[in-house]
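Subject: A structure for you to look through

Dear colleague,

I am handing over a structure that I have been going through, and I would be glad if you kept it open while you read. My notes on what was found follow after it.

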Amino acid sequence: MEKRLSVEGMTCQNCVKRVKKIIEKHGGVSEAEVSLEQKEAVFTCDDTADVTGIVKAINDFGFTAAEK
Ligand SMILES: [Cu+2]
């Protein structure tokens, strides 16, 4: 399934890479696309993916993420 998160607080491509890495290191996630312009992260995952945990991990890094 595809999940869409709003991600506030990214200011450059390093932030984008960081958020992408955070998402992709979680189990059940196959690929993440993060957009600075859209303030959004879109990723494909299966039922085992802990989306709440992913949101929390992004927030722990200082960004503000939420499920759309
Ligand atoms: Cu940055």
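Across which strands does H1 lie, and at about what angle does H1 run to S2? Helix H1 lies across S1, S2 and S3, and its direction makes an angle of about 160° with that of S2. Please keep in mind throughout that this is a predicted model.

**The chain as a whole**

The secondary structure consists of two helices and four strands, and, read from the N terminus, these elements follow one another as β-α-β-β-α-β. The radius of gyration is 10 Å, close to the 11 Å that the globule rule gives for 68 residues, so the chain is as compact as a globular protein of that length. Taken along the principal axes, the box that the C-alpha atoms fill is roughly 30 × 20 × 20 Å. Buried residues account for 22% of the 68 residues. If you consider the contacts between residues at least 6 apart in sequence, 55% of these join residues that are at least 24 apart.

**The sheet**

The four strands form an open sheet, in which the order is S2-S3-S1-S4 and the pairing is antiparallel. S2 and strand S4 (64–67) stand at the edges with a single partner strand each, so one side of each has no neighbour in the sheet. On average, and with direction ignored, neighbouring strands of this sheet are turned by 25° against each other.

You can follow the pairs of strands one after another. S2 and S3 run antiparallel and are joined by six bridges; within this pair, Glu-31 has Thr-44 in S3 as its bridge partner, while Glu-33 has Val-42 in S3. The hairpin of S2 and S3 has four residues between the strands, and in this hairpin Lys-39 takes a positive phi near 50°. S1 and S3, which also run antiparallel, are joined by five bridges, and here Leu-5 stands opposite Ala-41 in S3. Finally, S1 pairs with S4 in the antiparallel sense over four bridges, with Ser-6 standing opposite Ala-66 in S4.

Helix H2 lies across S1 and S4, and runs at about 165° to S4. Which residues of H2 are buried? They are Ile-54, Val-55 and Ile-58. These residues cover an arc of only 100° around the axis, which puts them on the same side of H2. S1, H1 and S4 are included in what covers the buried residues of H2. On the other side of the helix, Thr-52, Gly-53, Lys-56 and Asp-60 are exposed.

Thr-52 has 9 C-beta neighbours inside 10 Å, and because a residue with 12 or fewer is called exposed, Thr-52 counts as exposed.

Asn-14 lies in helix H1, and it is exposed, with 9 other C-beta atoms within 10 Å. Asn-14 and Lys-25 are 11 residues apart in sequence, and their C-alpha atoms are 16 Å apart in space.

In soluble globular proteins, nonpolar side chains tend to be buried together. The largest nonpolar core of this model has 15 residues, of which Val-7, Val-19, Ile-23, Ala-41, Ile-58, Phe-63 and Ala-65 touch the most other members. The elements that give two or more residues to this core are strand S1 (2–8), helix H1 (13–24), strand S2 (29–35), strand S3 (40–45) and helix H2 (51–60).

With which residues is Ile-23 in contact, leaving aside its neighbours within four places in sequence? Ile-23 is then in contact with Val-29, Ala-32, Ala-41, Phe-43 and Ile-54.

With kind regards

How values were computed
Residues numbered from 1 in each chain as written. Predicted model: local features only at pLDDT ≥ 70, side-chain atom pairs only at ≥ 80, totals over all residues. Core = buried A, V, L, I, M, F, W, Y, C linked by C-beta atoms within 7 Å. Buried ≥ 20, exposed ≤ 12 C-beta atoms within 10 Å, placed from the backbone. Contact = placed C-beta atoms within 7 Å. Pairing = 2+ DSSP bridges. Axes fitted to C-alpha atoms, helices over the stretch in contact; angles between N-to-C directions. Arc of directions from axis to C-beta. Rg over C-alpha atoms; globule rule 2.2 N^0.38 Å.
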